[in-house]
Amino acid sequence: MTNDLSHRATGFGAAAAAAIIVNLLLVLAKETSPAVMAGMNGLGHHWVTHGAVVLLVFVGLGLGLARGGIAAKVSAAGLTRALIAAAAIGGGGIVAFYGYLC
Amino acid sequence: MKDILLAAHEIVGVLGMLAATWVVAELRAPRIDQQTVRRVSMLVAHLIGGVCLLGGIWYVAYYAADRGIILHGPWPVAHRLFMESKEHLFFVPLVLAFFLPIASRENLLASAAARKLTAITAALIVITSLAVEGGGIAVGLGTKAGLTQAAATAAGKGG
């Protein structure tokens, strides 16, 4: 396993992949659970709450992973593959889910 | 104000996509200008962040009227599939755009892995932003179809 990326780039890259998957999970949760949707609307508009959660996951997890020395545990190639997979699953999953609801 | 916000978020989004394409092209050049990649990556983050602000205000404050027109029109799928997908899919390029300046701070001249990560992040921004823009076009067509149907109904009643 080789990784000449910094802890910061590796940590925030992994956090970006995680935030994209959290984005999909939030869509599934709020569209299938009226209680979750009501809770997200209770904090303002559900879309604003949704975006705030996704960005908090990205920043919070990124800082945590960067400080935890993640670059020694993840390869650069693995990180790049994870980002591609997250974008494909996170993006495609949202479109497929709303297509299914139609 | 509503139409200015709508147009501005689309224009800024296209500029963000173009800037991300620039990052990909710069990283494919025979001699990479690291400073340019970093500056344009920061520009991408600001532009896509700006889209979030402009589009977010429009969506939260003004979209309800358009949604009503679409859902009562002949093409409700423009909201149920395209708008619902677009408003959530947008967070993918947003997160990637905020990550891009971090990736571009790596040593792009020495590290092939850093170049690849930065280029792929920028390419994913372009691809997902294109999908979001496509959704926006569908939403616009759905609104137009709804208004056309309402106008035709009104004209039929009047005639």
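This is a predicted model: local features need pLDDT of at least 70, side-chain atom pairs count only at pLDDT 80 or more; totals for chains, interfaces and linings use all residues.
Trainee: Which pattern does chain B follow, read along the sequence?

Mentor: The secondary structure of chain B contains zero strands. Its helices number five. Read along the sequence, the pattern is therefore written with helix symbols alone, since helices and strands are DSSP runs. That pattern is α-α-α-α-α.

Trainee: What radius of gyration does chain B have?

Mentor: The C-alpha trace of chain B spans about 75 × 25 × 20 Å along its principal axes. For a compact globule of 159 residues, a radius of gyration near 15 Å would apply. Chain B has instead a value of 19 Å.

Trainee: Does B:Ala8 count as buried or partly exposed, and where does B:Ala8 lie?

Mentor: B:Ala8 has a relative accessibility of 21%. Buried means under 20%, and exposed means over 50%. B:Ala8 therefore counts as partly exposed. Its place in chain B is helix H1, residues 2–28.

Trainee: How many Å apart in space are B:Ala8 and B:Val51?

Mentor: In sequence, B:Ala8 and B:Val51 are 43 residues apart. In space, C-alpha to C-alpha, the separation of B:Ala8 and B:Val51 is 8.1 Å.

Trainee: What share of the accessible surface of chain B belongs to carbon and sulfur atoms?

Mentor: Of the 159 residues of chain B, 50% count as buried. The accessible surface of the chain comes to about 7,500 Å². The share that belongs to carbon and sulfur atoms is 68%.

Methods:
Residues are numbered from 1 along each chain as its sequence is written. Chains are lettered from A and ligands numbered from 1 in the order in which they are written. Side-chain values use heavy atoms; hydrogens and water are left out. Helices (H or I, at least four residues) and strands (E, at least two) are DSSP runs, numbered from the N terminus. The radius of gyration is taken over C-alpha atoms; the globule rule is 2.2 Å times the number of residues to the power 0.38. Buried means under 20% relative accessible area, exposed over 50%, partly exposed in between (1.4 Å probe, protein chains only). Accessible areas come from the Shrake-Rupley method with a 1.4 Å probe; for residues, only the protein chains shown count as cover.
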